[in-house]
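Thanks for coming. I have one structure to go through today, so please look at it on the screen while I talk.

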Amino acid sequence: MTENISHNIKDIQAVIAKTTKKWNRKAGDVTLVAVSKVQPDERIDAALAAGQRTFGENRVQEAYAHWESRRADYPDLRLHLIGPLQSNKAADAVALFDVIETVDRKKIARVLGQEMEKQGRKLPCFIQVNTGSEAQKAGVDPAELQQFYDYCIDECGLDIAGLMCIPPIDEPAGIHFAFLKTLADRIGVSALSMGMSADYPKAIAAGATYVRVGSALFGARAT
Ligand SMILES: *Cc1c(COP(=O)(O)O)cnc(C)c1O
């Protein structure tokens, strides 16, 4: 199982390189975020041994279990928070992660700004956009994005590097990726986190700069 992981990473990097070229994008424009949530330690260690350094986790507590002790051995590690954040976990998130991809409401923007100030760690952040305006999904509604972006910058002092989305499962993802790109151009941010195992080449075609790949890299998650 674990010996497949270095092959998977090479395969995914090859697809990323090929797709980047096909769509006339610069080599190195797209960063692979290996989503290690719910994965056993030996798979994480196999990915590290294969040279992977950027990882995504969707829960703060689990991220500590996976990464707190490994951090010291990998100074070039980059950890992205890709799941919903509660304000009572903001301090822990700021202390562990390098990028927060899921800024999605005023309260969390405010608390993150305060924590970053307090800890002297100004992390790049992404605004999560609910591109499908789904009632149950996290993310800022597209119609409120400009106002929320201004709030994050002006009132909270956040460094907003880009946008992130998780398209509705029952719609073609490409439309949502293109929409997120349009929104990013409109507010003037350049980073785009979009695309998962099933659709990351489509996301690259639409302008993704980060793709979040879990099961295609590590194998299926235990449920
Ligand atoms: C789990 C998860 C992924 C990875 O999903 P796969 O389909 O396994 O690649 C990507 N993004 C987010 C936000 C996730 O929660």
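Which residues does Leu158 touch, not counting residues up to four places away in sequence? Before I answer, a word on how to read this. This is a predicted model, in which local features need pLDDT of at least 70 and side-chain atom pairs count only at pLDDT 80 or more, while totals for chains, interfaces and linings use all residues. Residues are numbered from 1 along each chain as its sequence is written, and side-chain values use heavy atoms, with hydrogens and water left out.

Now the answer. Leu158 touches Val103, Ala109, Leu112, Gly113, Met116, Lys122, Cys125, Cys152 and Ile153, where contact means heavy atoms within 4.5 Å.

Leu158 also belongs to the largest nonpolar core, which has 65 residues. Such a core is a set of buried Ala, Val, Leu, Ile, Met, Phe, Trp, Tyr and Cys residues joined through side-chain atoms within 4.5 Å. Buried means under 20% relative accessible area, exposed means over 50%, and partly exposed is in between, with a 1.4 Å probe and protein chains only. Ile100, Val103, Leu112, Ile127, Leu158 and Leu163 touch the most other members. Helix α7, residues 173–187, gives the most to this core, with 6 residues. Helices (H or I, at least four residues) and strands (E, at least two) are DSSP runs, numbered from the N terminus.

Next, Leu145, which is in helix α6. Leu145 is buried, with a relative accessible area of 2%. Leaving aside neighbours within four places in sequence, Leu145 is in contact with Ile127, Val129, Val140, Leu163, Leu183 and Ile187.

Let me turn to helix α1. Which residues of α1 are buried? They are Ile5, Asn8, Ile9, Ile12, Ile16, Thr19 and Thr20. Seen down the axis of α1, these buried residues fall within an arc of 105°, so they line one face of the helix; the arc is that of the directions from the helix axis to the C-beta atoms. On the other side, Glu3, Lys10, Lys18, Lys21 and Lys22 are exposed. The buried residues of α1 pack against several elements, including β1 (31–35) and α2 (41–49).

Helix α3, residues 60–67, is mostly covered, with 6 of its 8 residues buried. What covers them includes α2, β2 (54–57), β3 (78–81) and α4 (90–96).

Now some backbone angles. Most residues other than glycine have a negative phi. Val38, in the loop between β1 and α2, has a positive phi near 60°. Ser133 has a positive phi of about 45° and lies in the loop between β5 (124–128) and α6 (145–155).

Last, the ligand. There are 13 residues around the ligand, and Lys37, Ser197, Gly214, Ser215 and Arg221 come nearest; a residue counts as near if one of its heavy atoms lies within 4 Å. An N or O atom in the side chain of Ser197 is 2.5 Å from an oxygen atom of the ligand. A backbone N or O atom of Gly214 lies 2.8 Å from a ligand oxygen atom. For Arg212, a side-chain N or O atom is 2.9 Å from a nitrogen atom of the ligand.

Conventions:
A polar contact is a pair of N or O atoms within 3.5 Å; within protein, one must be able to donate a hydrogen and the other to accept it, and residues adjacent in sequence count only if both atoms are side-chain atoms.
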